[in-house]
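Look over the structure below. We will start with its open spaces, then turn to its metal site.

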Amino acid sequence: MLVVMKAHATEEQVHAVCERIASLGLRAHAIPGVQRTAIGITGNPCAMEPGALEEMSGVQEVIQVSKPYKLVSRDAKEEDTVISFAGSDGSFGGRDLAVVAGPCSIESREQTFAVAERVSRAGARFFRGGAYKPRTSPYAFQGLGEEGLKIMAAVRERFGLMIITEALDDESLDLVADYADVIQIGARNMQNFSLLKKAGRKRKPVMLKRGMSATLEEFLMAAEYIMSEGNYEVILCERGVRTFADHTRNTLDLSIVPAVQRLSHLPIVVDPSHGTGKRNKVLPLSRAAVAVGADGLMVEVHHDPDHALSDGMQSLFPDQFDELMQEIRSIAAVVHRNVQDSQPQPAIAKAGR
Ligand code: PEP
Ligand code: MN
């Protein structure tokens, strides 16, 4: 259920409605919009009489949301959600495309700084890299753990890049939330409901990757889990799904971008690296992702992909990433978006200090 407040409803009126909802044992989520505030009600509203709220002052109407996702839906918030960051001009969901780049795994300080310097010079505002890696084999490199998070924090300090890294479980979530600017929930965890709820109680944006076989509705419901706990800063990420096609690692489902944008106000970015698994397909699919209207890209880049400890085959060389940025700049303009220029570089930008 959704309470739509009048355009000029006061803060006190919004507060009174929220209090009333809470007194019924339900949770109120006030979602301010440009035109008006909507208050989403979560919990089990069976016991509630919509009439009781409809009569309260400042209330325009009480509507039943027929879709299973409520807070994620455009019914709750008509305009796009824009997620911005203190101390950065990078954002998700605005006119500027969010470009997230970096290695699959954080391997060492030298490797991380070498890649960060290049992606920052190319114009990325967000730096990715896994400190906790979900690997198919227990014998494969599992990530540096907290040491990796410290290296990422040093990258933020040095290059001003915002840090995105994956939380694999309860324990790593607490650490990731302490160090990172954006918490990544990986494809394999998209329906790890306890992890989603816990991420929903953090006060950091969450990038939620689509599960390998998740439908659009399952994807949006996973985002709803996070929002239902009070964290409204969710970024969706399409990273390819499993199909019979075997010319790529996954099948990048670009059609989900306009499908999400029609139903939800949340930003959606595309990861063509995991989406294809092949370096030579990352550039063409990045072009396509921008053309289809994605709010950003997440791309794996490595200064020495042949020796990468994970996903070297799909990682771009830094020069290829430069080319990608050039190309998406012209495509972005056609779809009324923008790709930012080089990040202002630190005075002594010597990699691997
Ligand atoms: C990653 O981004 O490094 C990753 C493991 O992605 P996914 O969860 O999409 O496989
Ligand atoms: Mn990877």
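A pocket is found on a 1 Å grid over the protein atoms alone: it is an open set of points where a 1.4 Å probe fits, with protein on both sides within 12 Å along at least five of seven lines, and its lining residues have an atom within 4 Å of a point. A volume is the space filled by probe spheres set on the points, which are joined across faces, edges and corners.

This is a predicted model: local features need pLDDT of at least 70, side-chain atom pairs count only at pLDDT 80 or more, and totals for chains, interfaces and linings use all residues. Residues are numbered from 1 along each chain as its sequence is written, ligands are numbered from 1 in the order in which they are written, and side-chain values use heavy atoms, without hydrogens and water.

The second largest pocket holds about 180 Å³ of space. It is lined by 13 residues, with I41, T42, G43, P68 and K70 closest to its centre.

The largest pocket has a volume of about 350 Å³. Its lining has 22 residues; P134, R188, R249, H274 and D311 lie nearest the centre.

What coordinates the manganese ion (ligand 2)? The donors (N, O and S atoms within 2.8 Å of the metal, or 3.2 Å for Na, K and Ca; water is not among the atoms, so sites may look incomplete) come from C104 (SG), H274 (NE2), E300 (OE) and D311 (OD), at 2.0 to 2.3 Å. Along the chain, their spacing is C-x169-H-x25-E-x10-D. Both C104 and E300 are buried, that is, under 20% relative accessible area (1.4 Å probe, protein chains only).

Key: Buried means under 20% relative accessible area, exposed over 50%, partly exposed in between (1.4 Å probe, protein chains only).
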